[in-house]
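Visitor: Hi! I'm new to this one, could you walk me through it?
Guide: Happy to, let's bring it up first.

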Amino acid sequence: MSIHLDVKKVTTHVLQEMKLKGEKISMLTAYDYSLAKILDAAGIDVLLVGDSASNVMAGHETTLPITLDQMIYHASSVVRGVSRALVVVDLPFGSYQGDSKEALKTTIRIMKESGAHAIKLEGGKEVKDSIERILSAGVPVMGHLGLTPQSIYKFGTYAVRAKEVDEAKKLIEDAQLLEDIGCFSIVLEKIPADLATKVASVLKIPIIGIGAGNGVDGQVLVLHDMLGITQEFHPRFLRRYLNLFDEIKGAVSKYIEDVKSKDFPNDNEQY
Ligand code: KIV
């Protein structure tokens, strides 16, 4: 039987076993109780409380403005909706870069106040000290390389990363370093598929891709993008499974019509 159907609670060890058995890992973002409950019931392996909440929940242009308190609010809501999936929470921008003690303090608040199971942070060598300190406290860490949205003002665009030899070489070195110091998994965002496949085949830990092709160990998408709630975002890697923007708009238009025409509520819908 596949691990996907067999396992009652997904742990970092389960993900490692899935990689060994060649079973792909499914991961989506989640930010609230009700949707987390649906994703968990569907059998998703990992839920990421991504700092993309800054974009899709709060309407900011980038992931930079979201605060630690806001991330904890989203994470604790998600945790309450989940019984099977592993819940991973993004450390927000400014809460871990440059000061490993601050990184550990941030992580401890997330773990204590939300009940999540692991954290994710962006970067390689530059954040090595922070990762090591977090790991020394017994908290599993997921890395994130390639297009790292918290560095958008350094990159200047959301274009594909690591197409040039030097950046690809640094990415491979960073991925190896993250594995060597003890990260349990790495997200690779928007990089050439060949490079991502190479990283996934060389490393022993599970590699989860977003815009990184099919040669990695699992896939992640932003929930609001794959459900078609967001509209002006059309990267090549995004597959939309629903057009919820139009579905919800249609339902709300009908409700407005029914209220205005006095069709709602009818005799059976009142006391
Ligand atoms: O915040 C987020 O949604 C992410 C995913 C894109 C991997 O980091």
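**Pockets and the ligand**

Guide: Let me start with the second largest pocket: its lining divides into six nonpolar, eight polar and seven charged residues. Keep in mind that this is a predicted model.

Visitor: OK, what volume does the second largest pocket have?
Guide: The volume of the second largest pocket is about 450 Å³. It is lined by 21 residues, and those closest to its centre are Gly123, Glu126, Thr148, Lys154 and Phe155.

Visitor: Which helices and strands each supply at least two residues of that lining?
Guide: For the second largest pocket, they are strand S5 (141-146), helix H8 (152-155) and helix H9 (165-181).

Visitor: And where does the largest share of the lining come from?
Guide: From H9, which gives four residues to the lining of the second largest pocket.

Visitor: Let's switch to the ligand. Which pocket is the space it takes?
Guide: The ligand takes up the space of the largest pocket. About 650 Å³ of space lies in that pocket.

Visitor: Which residues are around the ligand?
Guide: Going along the numbering, you'll find Thr29, Leu48, Gly50, Asp51, Ser52, Asp90, Lys120, His144, Val187, Glu189, Ile210 and Val222 around the ligand. By class, this shell holds four nonpolar, four polar and four charged residues.

Visitor: What about polar side chains, how far is Asp51 from an oxygen atom of the ligand?
Guide: A polar atom in the side chain of Asp51 lies 3.0 Å from a ligand oxygen. For Asp90, an N or O atom of the side chain is 3.1 Å from an oxygen atom of the ligand. With Lys120, the distance between a side-chain N or O atom and a ligand oxygen is 2.9 Å.

Visitor: How much of the ligand's exposed area does the protein bury?
Guide: The protein buries 96% of the 260 Å² that the ligand exposes when taken alone.

Visitor: Back to the largest pocket, then. How many residues line it?
Guide: There are 32 residues lining the largest pocket, and Ser52, Asn55, Glu189, Val222 and Phe233 lie nearest its centre. By class, the lining has 14 nonpolar, ten polar and eight charged residues.

Visitor: Thanks, that gives me a place to start looking!

Conventions:
Residues are numbered from 1 along each chain as its sequence is written. This is a predicted model: local features need pLDDT of at least 70, side-chain atom pairs count only at pLDDT 80 or more; totals for chains, interfaces and linings use all residues. Side-chain values use heavy atoms; hydrogens and water are left out. A residue is near a molecule or strand if one of its heavy atoms lies within 4 Å of it. A polar contact is a pair of N or O atoms within 3.5 Å; within protein, one must be able to donate a hydrogen and the other to accept it, and residues adjacent in sequence count only if both atoms are side-chain atoms. Accessible areas come from the Shrake-Rupley method with a 1.4 Å probe; for residues, only the protein chains shown count as cover. On a 1 Å grid over the protein atoms alone, a cavity is a set of points where a 1.4 Å probe fits but cannot get out, and a pocket is an open set with protein on both sides within 12 Å along at least five of seven lines; lining residues have an atom within 4 Å of a point. A molecule sits in a cavity or pocket if more than half of its atoms lie within 2 Å of its grid points. Ala, Val, Leu, Ile, Met, Phe, Trp, Tyr, Cys and Pro count as nonpolar, Asp, Glu, Lys and Arg as charged, and the others, Gly among them, as polar. Grid points are joined across faces, edges and corners, and a volume is the space filled by probe spheres set on the points.
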